[in-house]
Amino acid sequence: MKKQKLKRKYKLNKKMMIAISIVVLIILGYCLYKVVALVQNPTNTFSVEQGKIYQEEEATGYIIREETVVKGNNYKNGMVQIKTEGERVAKNEPIFRYYSSGEENLKKKIAELDSKIDEAMAGEKELFTSDIKAIEKQIEETIASLVGVNNMQTIREAKKEISNGITKKAKIAGDYSPAGSYLKKLINERKKYENQLNSGTEHLKAPISGVVSYKVDGYEEILSPSNFNNLSKETLKKLNIKTGQVVADSTESGKIINNFECYIACILNSEQAKEAKLSSSVKIRLPNNAEVLSTIEYISHEDDDTILVLKLSEQVQELVSYRKISFDIIWWSHSGKKVPISAIGKEQKGDNEIYYVVRTRAGYQDKILVKVTKQNEKYSIVENYTNAELLELGYSAEELKSRKTLTLYDEILKKPE
């Protein structure tokens, strides 16, 4: 008897376990369904917010500038920069020079003579003229002013000033010292080598005013504002330039750049590019995320593509290091109440097709008529109609008595029926 009871109890427990397992499986299945549905469609509503939509296009562009290359005869000797990269210069101002033949040897001889001059002057303890004291004070002040200075032009000028001061001091010492004839001999010998050094160097001056750059890549004449008519798909695609590559500094030449404006030439195949008009404005987003206004300066159509040249007056200096960049063209942007395109329905009113959204509030749903002012692939900017506009579209005064309007943060259905 006891055995039968245990058997019945076991069967009952087994049935209960099966039932519980089925219930658990059903619940898990429902939860999984909800999770999948939530992932696929996180919510059936959308909160209306103040937003902005764009019509953008990715592009690759070639930088075109007004550039004048400066190159001398002794370019194989190597060069010394007098003006630094990005420094503004006036016409005829020295910008760099080439090393002279045997320059290192001459510099070595001058340095040796400087040491001999210092030794000769150190032996003259009794030389304390006011002129020498003034020069020494000036040299000390110049050295002190260089603390923390990184500008190479300032350092070069200070070095030259110190060297001139030492030479003046030596000349004065030569006139007053018992060993003056020896000092004069050293000074004259140094002057001879210095003259040889200066006469053998070739100084290059700015042919025009502008900004100095040593990033010479050989495309200065091809990519010139005077050659817009020669631009073609074939010409641009044949240029062996990597997008985003920094142009290396030249060791043979420099150039003067107009840093007030530059141009970007690009090949596009969008409808917006085909419909673009000369002199119209378009905003572009550069690689540094700066958004600047540009003007369409040149248009050429080839097959299904359009070559556009955009003129920039901002961020010009930031583009000096590049010849080819990736950027975005923002054909238009529009602000207002932003809603997904999928949330907009249509209804026919006479001959007119009217847009609407469905607002859900406290369990109630209301159809709200809206006009679409701008639209891209995903979103629309909408506005409320005025009563006068709706009356003109064919709605009666009676229909408009209970009409609702759309406000910010309203919840609307993503897919109205």
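The structure holds four aromatic pairs (rings of Phe, Tyr and Trp, the last by its six-membered ring, with centres within 6.5 Å; planes under 30 degrees apart are stacked, over 60 edge-to-face, the rest tilted). This is a predicted model, in which local features need pLDDT of at least 70 and side-chain atom pairs count only at pLDDT 80 or more, while totals for chains, interfaces and linings use all residues. Residues are numbered from 1 along each chain as its sequence is written, and side-chain values use heavy atoms, leaving out hydrogens and water.

Select phenylalanine 96 and tyrosine 214. Their ring centres are 6.2 Å apart and their planes stand at 70°, so the pair is edge-to-face. Both phenylalanine 96 and tyrosine 214 are buried (under 20% relative accessible area, with a 1.4 Å probe and protein chains only).

Next, show strand E6, residues 94–98 (strands are DSSP runs of E, at least two residues, numbered from the N terminus). E6 pairs with E7 in the antiparallel sense over four bridges (pairing takes at least two DSSP bridges). Here arginine 97 has histidine 203 of E7 as its bridge partner. The open sheet runs in the order E4-E6-E7.

Move to arginine 285, in strand E11 (residues 281–285). Arginine 285 is buried, at 14% relative accessible area. A polar contact of 2.7 Å joins its side chain to that of glutamate 56 (N or O atoms within 3.5 Å, one able to donate a hydrogen and the other to accept it; residues adjacent in sequence count only if both atoms are side-chain atoms).

Technical notes. Buried means under 20% relative accessible area, exposed over 50%, partly exposed in between (1.4 Å probe, protein chains only).
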